[in-house]
Amino acid sequence: MGSMFIELKIDIDRCRAGQPCRACIESCPVDIFVATDGLAAVVADNQDECTLCDLCLQRCPTEAVTLTKLY
Ligand code: SF4
Ligand code: SF4
């Protein structure tokens, strides 16, 4: 199932430019990000657990993460 309320995306080129980095993976309190092939990826089924804490947005060095409210 996809997300109903929150959509998170990672711009892979920006994420690549920020490596080495695990900032979003380590800062998200609800495990929305995982490491895949050395880059960050979104666990689609977890997106609606997002608390809107903004840590991923603040800590990403390349502004690779975007968060969209779908409601
Ligand atoms: S805003 Fe917070 S809870 Fe939501 S994905 Fe980013 S770090 Fe995780
Ligand atoms: S914080 Fe940004 S650069 Fe770092 S792993 Fe996450 S998306 Fe990639």
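This is a predicted model: local features need pLDDT of at least 70, side-chain atom pairs count only at pLDDT 80 or more; totals for chains, interfaces and linings use all residues.
The ligand site comes first. Ligand 1 sits in the second largest cavity. It is surrounded by 13 residues. The closest of these are C28, C50, C53, D54 and C56. The shell around ligand 1 was also sorted by class. Eleven of its residues are nonpolar, one is polar and one is charged.

The structure holds one aromatic pair. Its partners are F5 and Y71, whose ring centres lie 6.4 Å apart. The ring planes meet at 70°. Planes over 60 degrees apart count as edge-to-face, so the pair of F5 and Y71 is edge-to-face. F5 lies in the segment before β1 (6–10), and Y71 lies in the segment after β4 (65–69). The pair therefore ties together parts that are 66 residues apart in sequence. Accessibility was computed for both partners. F5 has a relative accessible area of 42% and is partly exposed. Y71 reaches 62% relative accessibility, so Y71 counts as exposed, the cut-off for exposed being over 50%.

In soluble globular proteins, nonpolar side chains tend to be buried together. In this model, the largest nonpolar core has 16 residues. L8, I10, F33 and V65 have the most contacts inside this core. Three elements, β1, α2 (23–27) and β3 (39–42), each give two or more residues to the core. Among them, β1 gives the most, with three residues.

Terms used
Residues are numbered from 1 along each chain as its sequence is written. Chains are lettered from A and ligands numbered from 1 in the order in which they are written. Side-chain values use heavy atoms; hydrogens and water are left out. A residue is near a molecule or strand if one of its heavy atoms lies within 4 Å of it. On a 1 Å grid over the protein atoms alone, a cavity is a set of points where a 1.4 Å probe fits but cannot get out, and a pocket is an open set with protein on both sides within 12 Å along at least five of seven lines; lining residues have an atom within 4 Å of a point. A molecule sits in a cavity or pocket if more than half of its atoms lie within 2 Å of its grid points. Ala, Val, Leu, Ile, Met, Phe, Trp, Tyr, Cys and Pro count as nonpolar, Asp, Glu, Lys and Arg as charged, and the others, Gly among them, as polar. Rings of Phe, Tyr and Trp (its six-membered ring) pair if their centres lie within 6.5 Å; planes under 30 degrees apart count as stacked, over 60 as edge-to-face and the rest as tilted. Helices (H or I, at least four residues) and strands (E, at least two) are DSSP runs, numbered from the N terminus. Buried means under 20% relative accessible area, exposed over 50%, partly exposed in between (1.4 Å probe, protein chains only). A nonpolar core is a set of buried Ala, Val, Leu, Ile, Met, Phe, Trp, Tyr and Cys residues joined through side-chain atoms within 4.5 Å.
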